[in-house]
Amino acid sequence: MSLLQVRNLVVEFPGRRGTLRALDDVSFEIAPGEILGVVGESGAGKSLTGASIIGLLEPPGRIAGGQILLEGRRIDNLAPVEMRKVRGRQIGAIFQDPLTSLNPLYTVGRQLIETIMTHLPVNPAEARRRAIQLLGDTGIPAAAQRIDHYPHQFSGGMRQRVVIALALAAEPRLIVADEPTTALDVSIQAQIIALLKAICKDRGAAVMLITHDMGVIAETCDRVAVMYAGRIAEIGPVHDVIHRPAHPYTAGLMDCIPDMAQDRERLNQIDGAMPRLDAIPAGCAFHPRCERAFEPCLRQRPELSGAGATRSACWLHMAQTGGGA
Ligand code: SF4
C-alpha cells in the first residue's frame with residue numbers, strides 16, 4: 001500500500017476579486033522508503049503541495065477539494081491539534097531556512113529531547129541518548145558535547161543537519177523536505193543530499209523532496225513530479241523523465257541543468273515566465289511558452305496520461321496515442 005496518497009487535491013485562495021485556484025487536481029502517491037522529487041519553477045505549486053500535506057497551509061489558503069491519506073487514513077480534514085500530532089510523529093518537516101525549525105533560545109539537545117519525549121515512550125536519559133545518536137547519525141562531530149550548544153553556535157550546514165535530526169526524532173514514516181539545500185554552499189548541498197538519501201535507505205522513511213533544481217532531483221530521487229501552474233505536467237521514474245522527457249516543459253527544465261560533462265554551464269532558460277494565478281491561460285497553461293504548441297493546446301487542457309514509462313499532460317503524446325482533443 002502507498003504510504004502517502006494525494007488525490008485530486010485542490011487548494012484555493014479566496015480574495016476580494018474572486019477565488020484563485022493555486023493547486024488544481026493534483027494526484028500522486030509515495031511508497032514506503034521512496035524518494036519522490038517535486039520540481040518546478042517558483043509559483044508552480046510545489047511548496048503549497050508540501051504545506052497541504054503537513055497541514056501548514058497559510059490562511060486564507062484552504063484545501064477546497066480532494067483528499068490526502070497517510071497510511072490509508074485521511075489527514076486533510078483533521079482538527080489542528082490532531083494534525084499537530086501527525087506532523088510530529090508520522091511526518092517530519094525540513095525547510096530551506098533551518099532557523100524556522102529551531103528555537104534560538106534553547107539548546108539543540110533540549111529541542112531534540114522534548115520532541116523525542118513528546119512522541120515516544122522513553123525516559124529523559126534514554127531521550128538524551130537517542131538525541132546524541134541522532135546528531136551523530138546526521139554527521140555532527142562530537143555530538144555528546146554539541147548537544148548542549150545553541151543553534152547560533154552551528155554553521156548553516158551543521159544547523160541543517162540538526163534540523164534533519166529533529167525531523168527524524170519521532171521516527172516519522174514520511175519526511176517533507178522543502179528546498180532543504182537551497183540556502184547552503186554547493187559542497188554542503190551534496191553532503192546534505194547524500195545524508196537524506198542514506199537516512200531514507202537505513203530507516204525506510206519516505207521523502208518528498210521539493211526543489212527547483214533538476215540536478216538535485218537527478219542525484220537523489222526515485223521518481224519525480226514536474227509541476228507547472230498548479231498542476232502536475234509530468235510524473236514518472238527519474239531516469240525516464242530525465243532521459244526521455246515527454247512534456248516540453250520537462251525538456252526545458254532539463255536544459256537548465258549545468259552540463260558538467262562538457263565542462264561548462266549550459267544554463268538555457270525557458271523563455272517567458274510562469275503565469276500568475278489570476279492569468280492562467282486557457283487550454284494547456286504552458287502553451288504561450290511552448291515551441292511545440294499546436295491547435296488543441298490553445299483550447300483544451302490536457303489531462304495526465306501514459307507516455308511510455310511516465311505520465312504526462314501534453315497533447316503531443318495524446319495525439320500520438322489516439323487521445324486527441
Ligand atoms: Fe506544448 Fe501543447 Fe504539450 Fe502544452 S499540450 S506542452 S502547449 S505541446
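Two strands are taken as paired if DSSP finds at least two bridges between them, strands (E, at least two residues) and helices (H or I, at least four) being DSSP runs numbered from the N terminus. The model is a predicted one, in which local features need pLDDT of at least 70 and side-chain atom pairs count only at pLDDT 80 or more, whereas totals for chains, interfaces and linings use all residues. Residues are numbered from 1 along each chain as its sequence is written, and side-chain values use heavy atoms, with hydrogens and water left out.

Strand E3 (residues 35-39) pairs with strand E9 (residues 223-228) in the parallel sense over four bridges, and Val39 stands opposite Val226 in E9. Both strands belong to an open sheet of eight strands with mixed pairing, ordered E6-E7-E8-E3-E9-E10-E12-E11. Strands E6 (91-94) and E11 (305-307) each have a single partner strand, so one side of each is left without a neighbour in the sheet. Neighbouring strands are turned by 20° against each other on average, direction ignored (axes are lines fitted to C-alpha atoms, for helices over the stretch in contact, and angles run from 0 to 180 degrees between N-to-C directions).

Helix H1 (residues 46-54) packs on this sheet, touching E3, E6, E7, E8 and E9, and its direction makes about 145° with that of E8; contact means heavy atoms within 4.5 Å. Helix H10 (residues 248-255) lies across E3, E9 and E10, running at about 105° to E9.

The axes of helices H3 (residues 108-119) and H4 (residues 124-137) come within 9 Å and cross at roughly 120°. Residues making this contact include Leu112 and Ile116 of H3 and Ala131 and Leu134 of H4.
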